[in-house]
Amino acid sequence: MSTALWTDSRFYGPELLQISDAVAREKGLSKEKVLEAMEEAIQRAAKSKYGFENDIRVTIDHKTGEVGIFQCLTVVEMIENDNTQILLEDARKTNPEIQLGEVMSTKLPPISFNRMAAQAGRQIISQKIYEAEREKQYDEFKDRVGEIVSGIVKRAEYNSVTLDVGRTEAVIRRDQLIPKENFRVGDRVRAYIVSVSREVRGPQIELSRTHPQFLAKLFKQEVPEIYDGIIEIKAVARDPGSRAKIAVYTSDHNIDPIGACVGVRGSRVQSIIQELQGEKIDIVLWSNDVATFAVNALAPAEVSKVVVDEENKKFEVLAPEDQLSLAIGRRGQNVRLASVLIGWTVSVVSETEAIEKKNKEYHDQSNLLMQALDCDEVIAHLLVNEGFSDVDELASAEIVEVASIEGFDEDIAKELISRSQNFVTKKDKEIEEKLQKIDFDGRIVDLKVLSNKEMLILYEHDIKTLDDLADLSIEELIELFPNMGNDRASNIILKAREHWFK
């Protein structure tokens, strides 16, 4: 910037505009921003000459470059500050129409800058331009969160990599880099913009190469059908640098979404795999039927059956023995990624294990009914086969429902229901007596959301006070009561916590 501008007032004019144009082009800023910085610099210099206690204002004509320096005085009835105020009668000597509260401006002669003032002026302009640059950089990137950006490595340190992404820098922290990934200064790197924040030192742009959406955006760049919206990416799950799963869908029955993503001889997916340092990618077909989606998500393993628990959002997947290890994956990777992809809990068991588990449950339920009802094995088996897995269910059943079981009649149904009700009543009485004898928080009883049996189970697991119950998570409560649904568990926890907010 020309020193002459600050030492000789004759350069106030076209040359000032030329300099502002040159600076604006160099910094990528608007001419108005540069002129505003110059106005502030001249204003500071003028105040240093005429006194900082005065209200000095500076304007630059954006067409001619002419600089106007004015002393401003506010019109008042009674003066409290001679430097910034003027009496109404005195002001009207110059401007008869001026009113109270208005500002009277008096033009001051142009000033010449000494060396100190010139240096201060340059510093002010530099600072203002620096701030304008930072603001422009923030405005440029604030709406780009969720996009992929490409940059050149400027610094490669142990805990982060700094990229030059144009007129500013962006950072990838070590935990956002793919494992074993190392970059050198000068390398070109692509990454996903996670966040952009305004800081004193300039915009802070956080990037990631491990974010699931980085994979989704890469597919959008490589697959025209995804870019055009013909194919949708429904979900993504990643174990960065190792394996990933991506679920795709299209309503166009003439397009194979998986084939389109793979490309001819794998050309499209291979370029993405190379970008992600060899990360294996399973492309699966999304389905709004969760059981079908679960089967697809466990690819490349083939499963034989899916048991769905919609209330708790859980799957139990049965796999043949020869597919079990493939379905689970190394260190549980395949089933873990499938769970993330679906958003449900997925557990994989072998067919043999499932049969053994079912047989054990069947045997245990039959034995419990035989003991509780004092009946033979055949009757107990028939009840279990019809879905009466415990005595409580039978006690609340209708006579018609039980009598409809093959081999039963109304008299047998009445007798079985009567025995079950007697057994439940006896057990409830025993549990109630136990609760009265033990040190158990009566406030839990007052909630009226748990049965006596459930409260006794809580006590046996060292949950004795209302705060103990309130401290539990929904998952912990369901672990104690496997047949309790998410909604009921959530309601119990919320009820237990009500006293915290009173």
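Which residues of α21 are buried?

Mentor: A word on the basis comes first: this is a predicted model, in which local features need pLDDT of at least 70 and side-chain atom pairs count only at pLDDT 80 or more, while totals for chains, interfaces and linings use all residues. Residues are numbered from 1 along each chain as its sequence is written, and side-chain values use heavy atoms, with hydrogens and water left out.

The buried residues of α21 are Ala489, Ile492, Ile493 and Ala496. Here buried means under 20% relative accessible area, exposed means over 50%, and partly exposed lies in between (1.4 Å probe, protein chains only). Viewed down the axis of α21, these buried residues fall within an arc of 95°, so they line one face of the helix. The arc is that of the directions from the helix axis to the C-beta atoms. The spacing follows a general rule: an α-helix has 3.6 residues a turn, so residues three or four places apart point the same way.

The helix itself comprises the 12 residues 486–497. Helices (H or I, at least four residues) and strands (E, at least two) are DSSP runs, numbered from the N terminus. At 1.5 Å a residue, α21 should span 16 Å, and its end C-alpha atoms are 17 Å apart, which agrees. The expected span is 1.5 Å times one less than the number of residues.

The buried residues of α21 pack against α17 (442–447), α19 (466–470) and α20 (474–480), contact meaning heavy atoms within 4.5 Å. The face turned away from this buried side carries the exposed residues Asp487 and Leu494. Leu494 counts as exposed because its relative accessibility is 53%. The C-alpha atoms of Leu494 and Pro257, which are 237 residues apart along the chain, are separated by 44 Å.

Arg488 also belongs to α21, and its relative accessible area of 35% makes this residue partly exposed. Not counting residues up to four places away in sequence, Arg488 touches Val449, Leu450 and Glu454. Its C-alpha atom is separated by 13 Å from that of Lys448, 40 residues apart along the chain.

With Glu454, Arg488 forms a salt bridge whose closest N and O atoms are 2.9 Å apart. A salt bridge is a side-chain nitrogen of Lys or Arg within 4 Å of a carboxyl oxygen of Asp or Glu. This pair links distant parts of the chain, Glu454 lying in helix α18 (residues 452–460) and Arg488 in helix α21, 34 residues apart. Glu454, at 14% relative accessibility, counts as buried. In general, side chains of opposite charge can pair when their charged atoms come close.

Arg209 forms a salt bridge with Glu275, the closest N and O atoms being 2.8 Å apart. That pair also links distant parts of the chain: Arg209 is in the loop between β9 (202–208) and α5 (212–222), and Glu275 is in helix α8 (residues 267–275), 66 residues apart. Arg209 counts as buried at 1% relative accessibility, as does Glu275 at 18%. Arg209 and Glu275 are linked with Glu181 and Arg190 in a network of salt bridges. Asp55, in turn, forms a salt bridge with Arg57, with the closest N and O atoms 2.9 Å apart. Asp55 is partly exposed at 23% relative accessibility, and Arg57 is partly exposed at 40%.

A polar contact of 3.1 Å joins the side chains of Asp282 and Lys245. Such a contact is a pair of N or O atoms within 3.5 Å; within protein, one must be able to donate a hydrogen and the other to accept it, and residues adjacent in sequence count only if both atoms are side-chain atoms. Not counting residues up to four places away in sequence, Asp282 touches several residues, among them Arg243, Pro300 and Asn334.
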